[in-house]
Amino acid sequence: MLSSEQKTQQKSSKSTSTVLAEKSSTYVREASSNYDVDRVTELWANLTMIQQMKGDDHWLKNSQNSGLTWNEYIDKLVDSKGAKVLTFENQDLIFGFAYMTLENINASKPNLRPSLKAVIKEVYLEPAYRKKINYDALAELMRKALQSLDINYFEIDVKDLVL
């Protein structure tokens with residue numbers, strides 16, 4: 001259940017940012033507001049806990065090694081110029097996210113137009129939404145969202161992705 005402050009932040013994030021893609025009341029867009037970052041931080045903590053139980057604690061170690069709090073660490077990842085975070089949401093709630101790093105794939109070829117490639121490192125959906133989502137449709141929404149951000153190519157490099 002969202003607090004009244006979270007509801008206000010959610011409404012302002014939707015009104016100030018463009019929804020990039022939409023299908024079956026599921027939206028995919030770039031994380032931009034405080035509400036987005038707060039919710040992604042919460043979901044990323046869930047992902048990290050699950051990964052830690054499976055013996056993979058790289059996000060936890062990286063956050064501890066950074067000297068930042070968990071919230072500051074995730075905020076830094078989300079705000080990085082070399083990364084993007086897409087949110088998956090319905091009219092009520094952000095229920096998942098994708099984290100990706102960005103690469104300029106034509107940096108060493110000055111005669112070619114610069115192109116961006118996203119390397120998707122994490123994808124997380126809350127367990128309650130996993131059976132409700134059409135993964136092909138979600139992938140298409142992600143593709144359209146990336147395209148609208150001028151990202152020409154993408155690669156999926158998620159270590160523990162199970163669909």
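**Close-up views of a predicted model**

**View 1. A polar contact joins the side chains of D157 and K121 at 2.9 Å.** A polar contact is a pair of N or O atoms within 3.5 Å; within protein, one must be able to donate a hydrogen and the other to accept it, and residues adjacent in sequence count only if both atoms are side-chain atoms. This is a predicted model, in which local features need pLDDT of at least 70 and side-chain atom pairs count only at pLDDT 80 or more, while totals for chains, interfaces and linings use all residues. Residues are numbered from 1 along each chain as its sequence is written, and side-chain values use heavy atoms, with hydrogens and water left out. D157 lies in the segment after strand 6 (153-156). Helices (H or I, at least four residues) and strands (E, at least two) are DSSP runs, numbered from the N terminus. With a relative accessible area of 35%, D157 is partly exposed; buried means under 20% relative accessible area, exposed over 50%, and partly exposed in between (1.4 Å probe, protein chains only). Leaving aside residues up to four places away in sequence, D157 touches V119, I120 and K121, where contact means heavy atoms within 4.5 Å. The C-alpha atoms of D157 and V119 are separated by 6.4 Å, although these residues are 38 residues apart along the chain.

**View 2. The largest nonpolar core contains 40 residues.** A nonpolar core is a set of buried Ala, Val, Leu, Ile, Met, Phe, Trp, Tyr and Cys residues joined through side-chain atoms within 4.5 Å. V28, W44, L86, F88, F97 and Y99 touch the most other members. Two or more residues each come from helix 2 (34-53), helix 4 (70-79), strand 3 (83-89), strand 4 (94-104), strand 5 (116-125) and helix 6 (135-148). Strand 4 gives the most, with 7 residues. In soluble globular proteins, nonpolar side chains tend to be buried together.

**View 3. S33 caps the N-terminal end of helix 2.** A side-chain oxygen of S33 lies 3.3 Å from the backbone nitrogen of Y35. The buried residues of helix 2 include Y35, V40, W44 and L47. The 20 residues of helix 2 should span 28 Å at 1.5 Å a residue, and the end C-alpha atoms are 29 Å apart, which agrees; the expected span is 1.5 Å times one less than the number of residues. G55, whose phi is positive, near 95°, follows helix 2.

View 4. W70, Y73, I74, L77 and V78 are the buried residues of helix 4. An α-helix has 3.6 residues a turn, so residues three or four places apart point the same way.

**View 5. S63 is found in helix 3.** S63 counts as buried, at 4% relative accessibility. A polar atom of the S63 side chain lies 2.8 Å from the backbone oxygen of L60. Not counting residues up to four places away in sequence, S63 touches L68, W70 and Y73.
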